[in-house]
Amino acid sequence: MAKHYSALGLAPLSTAGSSVLGGGIDIATRRPVDPVTLVRPHAAARAARFFVEKFPGRSMYAVKANPSPDLLQILWDNGITHYDTASIAEVRLVKATLPDAVCCFMHPVKSEEAIAEAYFSHDVRTFSLDSLEELDKIVRATTQQDGVAATDLTLCVRLRVSSEYAKLSLGSKFGAGPAETKALLMATRQVADALGICFHVGSQTMSPDAYTNAMERVRAAIVDAAVTVDVIDVGGGFPSAYPGMTPPPLERFFETIHRAFESLPISYSAELWAEPGRALCAEYSSVVVRVERRRGTELYINDGAYGTLFDAAHIGWKYPVQLLREPESDARDMDFSFWGPTCDDLDYMAGPFPLPADTNTGDYFEIGMLGAYGVAMRTGFNGFGTGETVMVSDEPMLSVYLHDEAADEHRGSNVVKL
Ligand SMILES: *Cc1c(COP(=O)(O)O)cnc(C)c1O
């Protein structure tokens with residue numbers, strides 16, 4: 001797919017929040033040497049509003065998917081008040097960026113120091129756990145110096161559930177198995193002000209059935225332990241759109257989850273939470289890269305496995321690509337693979353990525369849908385780091401939110417209808 005580069009209307013990223021477009025840099029005159037990150041605040045805002053309005057409970061943003069402070073601010077401005085953090089550095093970052101935000105510490109294996117700092121310095125009251133050992137740790141770390149135990153904890157027991165519908169499994173590392181769950185729920189109930197149950201069905205889940213099955217596991221756990229449960233947290237896993245991965249509408253996931261939640265044996269005042277990461281930020285960023293060499297169907301580009309393309313290299317993730325050239329190429333598409341800029345053979349993205357057959361050294365192309373687990377994965381390995389960030393107002397190359405009539409009118413020709 002080719003696109004006229006000036007259609008991007010590239011302008012330098014101004015300070016967070018204000019959008020200055022059409023400031024007049026374009027790729028043809030600037031010829032950026034490093035990859036340029038394009039950010040689309042309107043796309044992240046739309047995703048946040050979608051979850052806030054349509055998810056039948058509370059949506060907390062899973063910060064690891066993209067911890068950019070600009071993005072955190074956009075999500076906050078559009079109604080996301082709670083943040084799922086997994087490290088003390090993420091807690092500090094969120095509180096420094098959004099002092100009034102609520103952080104929940106949802107990593108089931110934490111250091112005692114991190115728990116104590118979160119509780120005593122950042123007002124964190126919600127923690128997840130999947131073992132009695134972690135429960136002891138949380139209790140110790142939140143006990144006052146005079147020995148008085150915390151009475152204001154919301155503790156979410158993480159259950160191990162299947163990742164069978166997810167493109168990226170999260171099923172092996174965390175979560176209490178059926179044999180451990182009863183004792184853990186009962187012990188946690190003893191010390192928690194509010195008791196929650198959480199799980200993660202795996203990232204980029206392609207079917208709502210994943211949540212139905214997980215909720216059945218939750219039901220069995222509640223019945224078995226006979227405890228009162230105050231929070232059901234269905235975790236992340238909500239899908240975005242990638243080539244060859246067109247998920248069902250998010251509304252179907254929400255309906256399925258709502259129905260399952262309503263039928264659980266829990267108190268009528270119980271809350272429903274979710275921890276979307278990918279779905280809130282995938283459409284926020286893309287990256288413009290340059291071809292430094294062509295060898296047959298292999299393109300040597302200036303971003304790769306140690307940059308934003310970690311998932312493309314390591315798990316064969318496919319991202320949409322479009323050539324940015326003027327005049328537009330009229331060559332037919334052919335399949336390319338990419339080599340990243342570093343010196344090792346691991347820095348290879350097999351794709352295939354379809355680009356016009358005459359794509360060559362010196363060309364620029366955009367790689368879309370890198371807002372989640374893309375720009376967040378960058379390292380400076382081998383001296384190849386980050387270029388500038390530019391705010392743009394065109395639509396992302398794919399979208400799970402642009403499927404209603406009103407949105408159609410604003411759609412660029414590059415957006416695939418879902
Ligand atoms: C990574 C993660 C998320 C976000 O998952 P997505 O698939 O990006 O929605 C949510 N919760 C927990 C505990 C996670 O580890």
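A residue counts as buried when its relative accessible area is under 20%, as exposed when it is over 50%, and as partly exposed in between. Please keep in mind that the model you are looking at is a predicted one.

Let us stay with aspartate 152 for a moment and look at its partner. Arginine 125 forms a salt bridge with aspartate 152, and the closest N and O atoms of the two are 2.8 Å apart. Arginine 125 sits in the loop between α5 and β7 (126-129), while aspartate 152 belongs to the loop between α6 and β8 (154-158), so this pair ties together parts that are 27 residues apart in sequence. Arginine 125 has a relative accessibility of 23% and therefore counts as partly exposed.

The structure holds 18 salt bridges, and a few others deserve a visit. Side chains of opposite charge can pair when their charged atoms come close. One example joins arginine 140 and glutamate 112, whose side chains meet at 3.1 Å, N to O. This pair links distant parts of the chain, with arginine 140 in helix α6 (residues 132-141) and glutamate 112 in helix α5 (residues 112-122), 28 residues apart. Arginine 140 counts as partly exposed because its relative accessibility is 49%. Glutamate 112, at 30% relative accessibility, is partly exposed too.

Elsewhere, Arg40, Glu366 and Asp394 are linked in a network of salt bridges.

Now for the nonpolar interior. In soluble globular proteins, nonpolar side chains tend to be buried together. Here the largest nonpolar core has 108 residues, and those with the most contacts inside it are Tyr61, Ile232, Val234, Phe238 and Phe365. Which helix gives this core its largest share? That is helix α8 (residues 209-225), which supplies eight residues. Apart from this core lies another, of eight residues, among them Val36, Leu38, Val288 and Val390.

Not counting residues up to four places away in sequence, valine 63 touches Leu72, Tyr83, Asp84, Thr85, Glu90 and Val94. Proline 108 is 45 residues from valine 63 along the chain, and the C-alpha atoms of the two are separated by 15 Å.

Two further residues show contrasting surroundings. Threonine 256 is found in helix α9 (residues 250-262) and counts as buried because its relative accessibility is 14%. Beyond four places in sequence, threonine 256 is in contact with Pro208 and Thr212. Cysteine 343, by comparison, lies in the loop between β17 (333-339) and β18 (348-356). At 70% relative accessibility, cysteine 343 counts as exposed. Between cysteine 343 and phenylalanine 381 there are 38 residues in sequence terms, and their C-alpha atoms are 9.9 Å apart in space.

The largest pocket holds about 490 Å³. It is lined by 27 residues, of which Lys64, Arg158, Leu170, Phe174 and His200 are the closest to its centre. How does this lining divide by class? There are ten nonpolar, ten polar and seven charged residues.

The whole structure also has two cavities of 30 Å³ or more. The largest cavity has a volume of about 80 Å³. Among the 13 residues that line this cavity, Asp303, Gly307, Pro341, Phe384 and Gly385 are the closest to its centre. By class, the cavity lining has five nonpolar, six polar and two charged residues.

Terms used. Residues are numbered from 1 along each chain as its sequence is written. Side-chain values use heavy atoms; hydrogens and water are left out. A nonpolar core is a set of buried Ala, Val, Leu, Ile, Met, Phe, Trp, Tyr and Cys residues joined through side-chain atoms within 4.5 Å. Buried means under 20% relative accessible area, exposed over 50%, partly exposed in between (1.4 Å probe, protein chains only). Helices (H or I, at least four residues) and strands (E, at least two) are DSSP runs, numbered from the N terminus. On a 1 Å grid over the protein atoms alone, a cavity is a set of points where a 1.4 Å probe fits but cannot get out, and a pocket is an open set with protein on both sides within 12 Å along at least five of seven lines; lining residues have an atom within 4 Å of a point. Grid points are joined across faces, edges and corners, and a volume is the space filled by probe spheres set on the points. Ala, Val, Leu, Ile, Met, Phe, Trp, Tyr, Cys and Pro count as nonpolar, Asp, Glu, Lys and Arg as charged, and the others, Gly among them, as polar. Contact means heavy atoms within 4.5 Å. A salt bridge is a side-chain nitrogen of Lys or Arg within 4 Å of a carboxyl oxygen of Asp or Glu.
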